[in-house]
Structure formats: C-alpha cells, structure tokens
Amino acid sequence: MNNPCQVEGFVNNTDRLQERVAGNYADLSVKLREAADFVVANEMDVAARSLRSISSASGVSPATLSRLARALGYETYEELREVCRKSVGGRTSSFSERAQRLKTTANSVDSMYELQATACISNISGLADSLDKHRLQNTVTALGDARSVVLFGAFGSTGIVEYMAYLANYFSTNWTLAGRMGASLGASLASLTPADVLLVITKRPYADRAVRATQAAQDIGAKTIVISDSHTCPAIKYATFPFIVPSDSPQFFSSYAATLALMESMIAMLVAQSGEGTSDRIREVERRNQDLGDFWVD
C-alpha cells in the first residue's frame with residue numbers, strides 16, 4: 001500500500017520544509033534522518049551559514065546534506081537553503097523570545113503571561129502562514145462525507161478531542177470518541193470501514209495507542225487525520241491528511257492554542273459548507289437543552 005501521506009497529504013512541490021521532511025521521513029536512512037532533524041531544528045543557521053559551516057556544526061558531511069536535499073525533492077542543497085531563508089524571514093524575534101529560559105525571564109505574573117501569550121500568538125501566526133489550504137479543504141470534505149468520524153487523543157490531547165466532539169455533536173450524529181469513559185479503543189477501530197475517518201491528535205511525548213490506532217485505521221482503508229507537532233511523529237506516516245501544528249511554549253508543556261484554532265476552523269467550515277439540515281439540528285439541540293434546563297437562566 002502506498003503511504004497516504006504521499007497520495008493525499010504531502011505533495012512533492014510544497015514549499016514547507018518540515019512537511020517535506022515529514023512526508024519522506026519514514027523512507028530516509030538513519031544518516032539522512034539525523035541530517036533532516038538537524039536542518040528542521042536549525043533552519044535559521046541553515047539559512048545564514050555555508051554548507052561547510054553547517055556540516056561542521058552538525059557532524060553531518062556535506063555530501064549527506066546534499067543527498068538529503070535530493071531525497072526531499074530539491075535539485076540542490078542551495079534550493080533547500082533558500083526554503084529555510086524564506087521560512088525564517090519574519091520569525092527572528094519570536095525565535096529569540098522562545099529561546100529564553102523560563103526561570104530566568106518569567107519572574108512575575110506579567111512576564112509569565114507575556115511569554116505565554118507571545119508563544120501562542122506566534123504559533124497561531126505560524127500555522128496561518130504555513131497551512132496548506134487545499135489540504136484543509138480536502139480534510140473538511142472527507143469529514144463531511146464520512147459514514148462516521150472517530151476521534152482519539154491521549155494524555156494532554158484527551159480534552160481537546162472531547163471538545164471537538166462536543167462541538168460536532170451539535171450538528172452531527174456520527175462523531176464518536178474512542179477509548180473514553182470505559183469504551184474500548186479496539187471496539188471503535190473494529191467498526192471502522194473505508195467509508196470512515198479517524199482523527200488523532202498527539203503531541204510529544206507521543207502516545208503509543210495513537211500511533212497504533214492510526215496504523216490500524218490505515219490498514220482498514222479508512223481515511224486518517226493526524227494533528228501533531230513535529231515531522232518526527234511516528235503517526236504521520238500513516239496519515240491521509242497530516243497537519244504539523246506549531247506548539248512551542250515557554251512552559252513545560254506544549255501549547256494547544258494553534259491546534260484549537262485549526263480544529264475550530266474545521267468545525268466552522270463543516271457547518272458553513274453543510275446543508276440547511278445542519279442549522280435545523282443545531283436549533284433542535286438548543287431547544288432540547290433549554291427544555292432540560294441545562295443552562296443557567298437569570
């Protein structure tokens with residue numbers, strides 16, 4: 001079976017370095033993975049320094065760096081370097097802000113909030129700049145056409161997928177949470193067919209069950225959506241529609257601000273592109289909630 005990343009997710013002519021790396025990462029040799037990891041983590045240095053200098057800093061030979069460029073679909077290393085230049089063009093200050101250590105800079109409520117707010121704004125801005133709109137539209141179309149949509153998130157991603165399910169259940173009856181409240185993840189996967197979609201959110205440290213669930217869904221033939229934070233996420237290679245979302249944070253945990261922005265945009269697009277029946281269902285859900293006295297009334 002072809003890797004769905006290469007069929008519907010990542011495209012060879014993308015200008016986004018991290019996405020090219022993610023789409024090809026599983027097929028790279030150990031040496032080329034080491035080179036790719038260094039380049040992605042040090043785009044600013046790659047953009048500003050010579051090939052020989054990058055080779056010396058990374059311990060990767062110039063020949064290996066050139067092979068990496070070709071493996072990622074660039075004609076030369078200079079073409080890869082130019083992509084890095086464009087990528088870091090407007091992000092110097094945000095990189096330097098995030099490089100500061102939390103304990104030495106965030107010594108007050110104001111500084112803590114400023115650091116966190118700056119990181120969240122930078123993440124959302126970075127997502128907006130890098131988001132493949134064509135892929136987003138195809139993802140939303142797949143969700144709208146699916147017989148059923150199964151959501152899975154572990155660790156810090158658990159509450160995020162629960163929130164997405166809460167929103168979706170206002171207008172749809174075919175979205176379910178896997179592996180929650182006593183439900184078996186295996187049971188949810190056993191019910192998947194090629195007409196279904198599995199959406200997984202996983203951030204470092206990656207949940208083993210998230211990776212295995214995505215692989216199992218791909219094996220079944222279901223479409224898979226993976227929202228993660230790095231090209232190294234092992235679930236990416238099983239994704240039909242992969243999304244690498246900036247999650248930088250001055251805290252000890254990943255930021256989900258940009259992930260929420262992406263997720264809420266998907267929900268909004270689903271509603272906007274649906275038929276009149278969607279509005280009818282939302283009105284009916286609201287009426288039922290009112291009849292049940294679910295919401296506080298002054």
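The legends below describe close-up views of a predicted model of one protein chain.

View 1. The predicted chain contains 16 helices and five strands. Of its 298 residues, 46% are buried. Among contacts with a separation of 6 or more, 68% join residues 24 or more positions apart. The chain exposes about 15,200 Å², and carbon and sulfur atoms supply 53% of this area.

**View 2. Ser55 and its surroundings.** Ser55 belongs to helix 5, which covers residues 51–58. Because its relative accessibility is 13%, and buried means under 20%, Ser55 counts as buried. The side chain of Ser55 reaches the backbone oxygen of Val60, at 2.6 Å. When neighbours within four places in sequence are left aside, the contacts of Ser55 are Val60, Ser61, Pro62 and Leu65.

View 3. The buried residues of helix 11 are Arg135, Leu136, Thr139, Val140, Ala142 and Leu143. Viewed down the axis of helix 11, these buried residues fall within an arc of 160°, so they line one face of the helix. The face turned away from the buried side carries the exposed residues Lys133, His134 and Asp145. At the N-terminal end, helix 11 is capped by Asp132, a side-chain oxygen of which lies 3.1 Å from the backbone nitrogen of His134.

**View 4. The largest nonpolar core.** In soluble globular proteins, nonpolar side chains tend to be buried together. The largest nonpolar core of this chain has 33 residues, and those with the most contacts inside it are Trp175, Ile227, Phe243, Leu262 and Met266. Several elements give two or more residues to this core, including helix 11, helix 12 (158–168), strand 1 (149–153) and strand 4 (223–228). Helix 15 provides the largest share of this core, seven residues.

View 5. What does Ile227 touch, not counting residues up to four places away in sequence? Ile227 touches Leu199, Val200, Ile201, Thr202, Phe243, Val245, Thr259, Leu262 and Met266. A second, separate core of 23 residues includes Ala35, Val46, Leu68 and Leu72.

**View 6. Helix 16 and its packing.** Helix 16, residues 276–291, has 16 residues. From its first C-alpha to its last, helix 16 reaches 23 Å, close to the 22 Å expected at 1.5 Å a residue. Thr278, Val285 and Asn289 are buried in helix 16. Down the axis of helix 16, the buried residues fall within an arc of 35°, so they line one face of the helix. These buried residues pack against helix 15. On the face turned away from the buried side, helix 16 carries the exposed residues Glu276, Gln290 and Asp291. Helix 16 is followed by Gly293, which has a positive phi, near 70°.

How values were computed. Residues numbered from 1 in each chain as written. Predicted model: local features only at pLDDT ≥ 70, side-chain atom pairs only at ≥ 80, totals over all residues. Heavy atoms only, no water. Helix = DSSP H or I, 4+ residues; strand = E, 2+ residues; numbered from the N terminus. Buried < 20%, exposed > 50% of the residue type's maximum accessible area, 1.4 Å probe, protein only. Contact = heavy atoms within 4.5 Å. Areas by Shrake-Rupley, 256 points an atom, 1.4 Å probe, with all protein chains shown as cover. Polar contact = N/O pair within 3.5 Å; in protein donor to acceptor, adjacent residues only side chain to side chain. Arc of directions from axis to C-beta. Core = buried A, V, L, I, M, F, W, Y, C linked by side-chain atoms within 4.5 Å. Expected span 1.5 Å × (residues − 1).
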